[in-house]
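Please consider the following notes alongside the sequence and the coordinates. They are set out as numbered points for discussion.

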2 protein chains.
Amino acid sequence: MKKLSEDEIQNKLKDLEGWTYAKKAIHTSFQFENFKEAFTVMTRIAFEAEAQQHHPNWGNVYNQLEISLSTHDADGVTEKDFKMASAIEQIVDPSN
Amino acid sequence: MKKLSEDEIQNKLKDLEGWTYAKKAIHTSFQFENFKEAFTVMTRIAFEAEAQQHHPNWGNVYNQLEISLSTHDADGVTEKDFKMASAIEQIVDPSN
């Protein structure tokens, strides 16, 4: 999987609301109604991550969820990260 | 819920293997076989957290899980954190 250039990454980020690029990864955060809602979304993301065999670096406190995606083997961001980011957006807001 | 003193915290930590106190919270980390095992444990912890209405500050990457516990309202560590820490230890290693 080819590492994307910063230009390629910034270009692709235009299609993803609320994601930023920093430190060789793309990042976002969400705020839910409560812990149960946050963990429900995390569970759906976990199944997607396992299906794609591409796992997030993520943290949660109560209703807050922070997610970073990068491709370890490529030492940067690849198409795999954008595929996973799109899946996460679909999970969080299926109306998009 | 009364905030515990550092002496009280250090004393209670003797009963918990692998936990440390820093920055007004107690911390531990676990390494599992893979993501599925890590998230399985996270799910059990999530149910326990919801039952106790006391939620962790935690992060996961693949098979790694880092957990911090503190009591926001007390601005420090309370009995609630040690109750949750014991529950987490029981979940991760029920033979203890």
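1. A:Lys23 is found in the loop between β1 (20-22) and β2 (25-31) of chain A; helices (H or I, at least four residues) and strands (E, at least two) are DSSP runs, numbered from the N terminus. Although A:Lys23 is not a glycine, its phi is positive, at about 50°. With a relative accessibility of 83%, A:Lys23 counts as exposed; exposed means over 50% relative accessible area, buried under 20% and partly exposed in between, with a 1.4 Å probe and protein chains only.

2. This is a predicted model, in which local features need pLDDT of at least 70 and side-chain atom pairs count only at pLDDT 80 or more, while totals for chains, interfaces and linings use all residues; side-chain values use heavy atoms, with hydrogens and water left out. Residues are numbered from 1 along each chain as its sequence is written, and chains are lettered from A and ligands numbered from 1 in the order in which they are written.

3. A positive phi in a residue other than glycine also occurs at A:Gln53, where the value is near 50°. A:Gln53 belongs to the loop between α2 (35-52) and β3 (57-61) of chain A. Its relative accessibility is 45%, so A:Gln53 counts as partly exposed.

4. Strand β2 of chain A contains A:Thr28, which counts as buried because its relative accessibility is 8%. Leaving aside residues up to four places away in sequence, A:Thr28 touches A:Gly18, A:Trp19, A:Leu65, A:Glu66 and A:Ile67; contact means heavy atoms within 4.5 Å. A:Ser5 is 23 residues from A:Thr28 in sequence, and their C-alpha atoms are 19 Å apart in space.

5. Across the two chains, α2(A) and α2(B) pack with their axes 11 Å apart and at an angle of about 170°. That makes α2(A) roughly antiparallel to α2(B), a term for angles over 145 degrees. The α2(A) side of the contact consists of A:Phe35, A:Lys36, A:Phe39, A:Met42, A:Thr43, A:Ala46, A:Ala49 and A:Glu50, and the α2(B) side of B:Phe35, B:Lys36, B:Phe39, B:Met42, B:Thr43, B:Ala46, B:Ala49 and B:Glu50. These residues divide into 10 nonpolar, two polar and four charged. Ala, Val, Leu, Ile, Met, Phe, Trp, Tyr, Cys and Pro count as nonpolar, Asp, Glu, Lys and Arg as charged, and the others, Gly among them, as polar. Axes are lines fitted to C-alpha atoms, for helices over the stretch in contact, and angles run from 0 to 180 degrees between N-to-C directions.

6. B:Ala25 is 33 residues from B:Trp58 along the chain, with 12 Å between their C-alpha atoms.

7. Within chain A, the axes of α2(A) and helix α3 (residues 79-92) come within 10 Å and cross at roughly 150°. That makes α2(A) roughly antiparallel to α3(A). The contact is made by A:Val41, A:Arg44, A:Ile45, A:Glu48, A:Ala49 and A:Gln52 of α2(A), together with A:Lys80, A:Lys83, A:Met84, A:Ala87, A:Ile88, A:Ile91 and A:Val92 of α3(A). Eight of the contact residues are nonpolar, one is polar and four are charged.

Conventions
Parallel < 35°, antiparallel > 145°, perpendicular 65-115°, else oblique.
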